[in-house]
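Okay, thanks for making time, everyone. Let me put the structure up, and then I'll walk you through it.

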Amino acid sequence: MNDSPAKAKLSPWTIWVPVIIAVLGLVVFYNYLIYRSRIDNDVNRPPILGRLEKDLELTERSGKTVHLEDLKGKVLVISWVFTRCPRGCAAVIAKLKKLQAEFANEPGLQLVSFTLDADDTPEMMKKFASGLGIKDDANWWFVNGEKDAVRKFMTSQAQFRPVQDMPEADRLSPDDKYIHDLRVAVIDHRGHVRSLADILNPDPEFAKFWDEKLRKDLHYLLNEQKKAPYVPAASK
């Protein structure tokens, strides 16, 4: 009589489960590579230049206190102006007004014009906007805030060039106090800086290029927004 213990039977699942897991892993990894390849090869996709990391408390031309967090989920077009600007500010706003009219049916778009002059009051911002034909109920904020906080936000997060004082000898008027960045920044619905458009470039061909690129980028980002809307963390 053979007293040796019977050999345990090997379950087929012991072999097949690791094989199935490995195959599924390869499929997922392959699909990820295909996805990344499509993104990386998408020549129309605006690059990520930076990110808005922190909220900012601001005063809007209406006199209301607002927060940048209130605009999460929107595609933003940000400009940097001031109400007594004797140079390019009015021209920037005029170009953005035309842009706003072209995208009037896009509720996911918001324009935000920061003033770099701490002395600009809500009344002054409202008069400035109204004088350029911007309605009070437009999807367009004109905002001011604590000087250092605003300038730090605009340069370190929104990627604008720092403000410089205009030399007195070069001033067109007593109000011509600043040399500042007249580009506009485009922010996607997740808070990434995706473009800085030099729409007032002195060369007409370059200005045309940036006007067209700004619109192209906005169409792309608004479509991106619709495909994958922003969902607040608390709602997930």
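Let's start at one pair of residues: isoleucine 187 has valine 193 of S10 as its bridge partner. Before I go on, please keep in mind that this is a predicted model.

So where does that pair sit? Isoleucine 187 belongs to strand S9, residues 184–187, and four bridges join S9 to S10, with the two strands running antiparallel. Another of the pairings puts alanine 185 with leucine 196 in S10. Together S9 and S10 make a hairpin, with four residues between them. Have a look at glycine 191 in that turn, where phi is positive, about 90°.

Now, which way do the residues of S9 point? Val184 and Val186 go one way, Ala185 and Ile187 go the other way, and all of them are buried. As a general point, side chains in a regular strand alternate between the two faces of the sheet.

S9 has another neighbour too. Strand S4, residues 75–81, pairs with S9 over three bridges, again in the antiparallel sense. There, valine 77 has valine 186 of S9 as its bridge partner.

Back to S10. Strand S1, which is residues 50–51, is joined to S10 by two bridges, and those two run antiparallel. Glycine 50 is the residue standing opposite valine 193. How covered is S10? Mostly: six of its six residues are buried.

Let me zoom in on one of them, alanine 197, which is found in S10, residues 192–197. Buried or exposed? Its relative accessibility is 1%, and the cut-off for buried is under 20%, so alanine 197 counts as buried. What does alanine 197 touch, if we skip residues up to four places away in sequence? The answer is Arg183, Val184, Trp210 and Leu214. Leucine 182 is 15 residues from alanine 197 in sequence, and their C-alpha atoms are 8.9 Å apart in space.

Leu214 takes us over to the helices. Helix H2, residues 89–102, and helix H5, residues 204–227, have axes that come within 12 Å and cross at roughly 35°. The crossing is right-handed. Who makes the contact? From H2 we have Lys95, Lys98, Leu99 and Glu102, and from H5 we have Ala207, Asp211, Leu214, Arg215 and Leu218. If you sort those residues of the contact, you get four nonpolar, no polar and five charged.

Next, the inside. In general, nonpolar side chains in soluble globular proteins tend to be buried together. Here, the largest nonpolar core has 53 residues, and the ones with the most contacts inside it are Ile78, Leu96, Phe114, Met154 and Leu218. Which element gives the largest share? That's S4, with six residues. Methionine 154, again leaving out residues up to four places away, touches Ile78, Ser79, Trp80, Phe114, Gln159 and Phe160.

Finally, let's step back to the whole chain. You're looking at five helices and ten strands. There are 236 residues, and 39% of them count as buried. And if you take the contacts with a separation of 6 or more, 75% are between residues 24 or more positions apart.

That's my tour; happy to go back to any of it.

How values were computed:
Residues numbered from 1 in each chain as written. Predicted model: local features only at pLDDT ≥ 70, side-chain atom pairs only at ≥ 80, totals over all residues. Heavy atoms only, no water. Buried < 20%, exposed > 50% of the residue type's maximum accessible area, 1.4 Å probe, protein only. Contact = heavy atoms within 4.5 Å. Pairing = 2+ DSSP bridges. Axes fitted to C-alpha atoms, helices over the stretch in contact; angles between N-to-C directions. Left-handed = near helix turned anticlockwise from the far one by under 90°. Nonpolar A, V, L, I, M, F, W, Y, C, P; charged D, E, K, R; others polar. Core = buried A, V, L, I, M, F, W, Y, C linked by side-chain atoms within 4.5 Å.
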